[in-house]
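Please keep the sequence and the structure in view while reading.

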Amino acid sequence: MASFTLTDNQSGKSAEFPVLDSVLGSNVIDISKLHKEFGVYTLDNGLSMTGSCESKITYIDGNKGELLYRGYPIEELAEKKNYVEVIHLILTGELPSQEEYTVFERDMRQKRFPHEGIKKIFNAFPDSAHPMAMMSSAVSALSAFHHRHLDVSSDEEYREMSQRVVAKMPTIAAYTFRHSMGYPLIFPDMDRYFSENFLYMLRAFPTGKTEIKDVEIKCMDAIFTLHAEHEQNASTTTVRGVGSTSAHPYAAIVAGINALWGKAHGGANESVISQLEMIGSVENVDKYIAKAKDSNDEFRLMGFGHRVYKNFDPRAKVLKKLRDELRDELGVNSKLIEIANRIEEIALTDEYFVSRNLYPNIDFYSGTIFEALGIKKSMFTPIFVIGRTVGWVAQLIEQRRDPKAKIVRPRQRYIGPGKRHL
Ligand code: SDX
């Protein structure tokens with residue numbers, strides 16, 4: 001087995017640390033005996049150079065701009081498979097056969113209705129509540145209605161719970177939108193496919209026909225697929241952290257929802273549109289590019305940069321293609337797109353962005369597509385939650401099954417006062 005030797009230059013002591021092979025990407029050094037050998041810890045702010053677990057779900061190559069779900073490239077899945085097939089793939093490790101799909105898809109439809117008591121919680125919220133605040137509260141309340149899931153004993157029951165929470169997320173998200181608009185909450189339509197049903201619950205009224213174009217369903221479906229999983233990102237790391245304490249799955253998922261809300265993470269999609277609206281015209285772009293480059297100015301270009309991708313985010317490439325296809329069919333807001341295109345044109349050639357490998361990420365394009373679908377900004381991150389829930393529950397199941405899994409408990413570099421007495 002390959003290994004690294006570490007030598008303490010002061011004491012001259014050396015020790016070997018095994019290198020563990022990864023199937024794809026960088027191998028890892030097992031440093032579990034570092035403190036025993038040398039009495040030191042590592043310090044890695046943001047843990048960007050530290051592996052927190054072993055996983056078989058997603059692989060990202062940040063330099064190539066590559067993303068694989070269970071080995072399949074995201075571009076192929078977004079184009080050739082629907083989101084429910086991708087849910088099956090991420091949860092079980094394999095794409096479903098036709099028979100498996102029929103059973104799985106029917107089962108998911110039957111799980112769409114949350115307990116009627118969840119709807120009563122919405123009556124307590126003011127119309128002005130942010131959909132993510134309502135989403136977080138409603139999903140947390142699931143633990144009050146499904147208390148037998150508070151101590152899930154078997155993998156099969158955990159899988160059943162996972163399908164349940166993935167199936168209910170669009171209904172809860174739609175409830176948050178309708179409540180914020182003062183509209184009546186709409187029941188899920190069991191005769192509509194997953195992504196069509198979500199658009200239906202956003203748009204339908206108790207009377208009258210609801211128009212949903214095929215291209216809109218295809219677009220919504222691809223968006224859920226593109227947002228489904230992304231290895232150990234901030235919200236997934238949060239989910240695993242809570243899951244590692246043996247807390248119930250809803251507690252872990254709600255923690256993930258709240259971590260995703262941050263504008264440096266999943267909340268960026270809403271911030272991108274706010275930023276494009278604030279810039280207001282192509283003529284103002286240069287001024288804001290200068291602000292983004294000014295280290296004394298906290299302004300950052302929302303939708304640009306990524307902790308892992310130091311190339312184009314492959315999901316952004318799929319979304320950009322989708323957005324340009326939709327431009328005519330759905331009348332995508334061309335003014336915001338013109339501003340976005342100008343930002344992209346400058347940022348992809350400007351030394352500041354090029355030298356820091358700052359490329360458009362998934363959030364740079366999703367906002368203009370959501371706008372074209374008639375979805376308001378405050379619903380962008382709830383849609384990210386719908387897509388990502390399957391990734392969170394798959395990672396929780398994997399953590400449960402991992403015999404090496406431990407409670408997440410990093411150490412620190414203490415720089416506070418030395419011991420002192422009163
Ligand atoms: C998501 O991790 C995931 O997988 C997340 C995600 C997922 O699917 O789960 O992909 C989803 O969260 C996408 C990212 C969405 N966030 C944004 O678009 C917000 C804007 N982006 C930045 O906040 C930032 O790029 C991060 C948070 C995304 C990444 O930050 P890093 O890797 O910690 O980069 P950094 O802060 O170390 O910055 C390196 C340099 C700094 O300049 P210097 O100190 O070297 O002079 O790049 C600069 C930063 O100031 N920089 C930016 C910038 N992002 C980084 N400068 C201007 N605009 C930006 N957007």
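## Residues in loops

S246 counts as exposed, at 66% relative accessibility; exposed means over 50% relative accessible area, buried under 20%, and partly exposed in between (1.4 Å probe, protein chains only). The model is predicted, so local features need pLDDT of at least 70 and side-chain atom pairs count only at pLDDT 80 or more, while totals for chains, interfaces and linings use all residues. Residues are numbered from 1 along each chain as its sequence is written, and side-chain values use heavy atoms, with hydrogens and water left out.

**Loop residues between helices and strands**

- S246 is located in the loop between α10 and α11; helices (H or I, at least four residues) and strands (E, at least two) are DSSP runs, numbered from the N terminus.
- Most residues other than glycine have a negative phi.
- S246 is not a glycine, yet its phi is positive, about 70 degrees.
- L47 is not a glycine either, and its phi is positive at about 55 degrees.
- The loop between α1 (34–38) and β4 contains L47, and this residue is partly exposed with a relative accessible area of 46%.
- A247 also belongs to the loop between α10 and α11, and with a relative accessible area of 28% A247 is partly exposed.
- A247 and A268 are 21 residues apart along the chain, and 28 Å separates their C-alpha atoms.
- H227 lies in the loop between α9 (214–226) and α10.
- H227 has a relative accessible area of 1% and is therefore buried.
- Leaving aside residues up to four places away in sequence, H227 touches Y69, I362, S366, F384, G387 and R388; contact means heavy atoms within 4.5 Å.

**Helix α10**

- Helix α10 covers residues 234–243, and its buried residues are S235, T236, V239, R240, G241 and G243.

- Three strands form an open antiparallel sheet in the order β1-β2-β3; two strands pair if DSSP finds at least two bridges between them.
- The edge strands β1 (3–7) and β3 (28–29) each pair on one side only.
- β1 and β2 run antiparallel and are joined by five bridges.
- Within this pairing, S3 stands opposite P18 in β2, and L6 has A15 of β2 as its bridge partner.
- Six residues lie between the strands in the hairpin of β1 and β2, where G12 takes a positive phi near 80 degrees.
- Strand β2 (residues 14–20) is joined to β3 by two bridges, and the two run antiparallel.
- V19 has I29 of β3 as its bridge partner.
- Which residues make up the covered face of β2, and which the uncovered one? The covered face holds A15, F17 and V19, whereas the uncovered face holds S14, E16, P18 and L20.

**The sheet of β4, β5 and β6**

- Another open sheet has three strands in the order β4-β5-β6, with antiparallel pairing.
- β4 (58–61) and β6 (72–73) are at the edges with a single partner strand each, so one side of each has no neighbour in the sheet.
- Four bridges link β4 to strand β5 (residues 66–69), and these two strands run antiparallel.
- D61 stands opposite E66 in β5.

**The surroundings of the ligand**

- There are 24 residues around the ligand, and H230, H306, R307, R315 and R388 come nearest; a residue is near a molecule if one of its heavy atoms lies within 4 Å of it.
- The shell consists of nine nonpolar, seven polar and eight charged residues. Here Ala, Val, Leu, Ile, Met, Phe, Trp, Tyr, Cys and Pro count as nonpolar, Asp, Glu, Lys and Arg as charged, and the others, Gly among them, as polar.
- An oxygen atom of the ligand lies 2.8 Å from a backbone N or O atom of G303.
- A polar backbone atom of F304 is 2.9 Å from a nitrogen atom of the ligand.
- A polar side-chain atom of N361 is 2.9 Å from an oxygen atom of the ligand.
- On its own, the ligand has 1,100 Å² of accessible area, of which the protein covers 75%; accessible areas come from the Shrake-Rupley method with a 1.4 Å probe.

Methods
A polar contact is a pair of N or O atoms within 3.5 Å; within protein, one must be able to donate a hydrogen and the other to accept it, and residues adjacent in sequence count only if both atoms are side-chain atoms.
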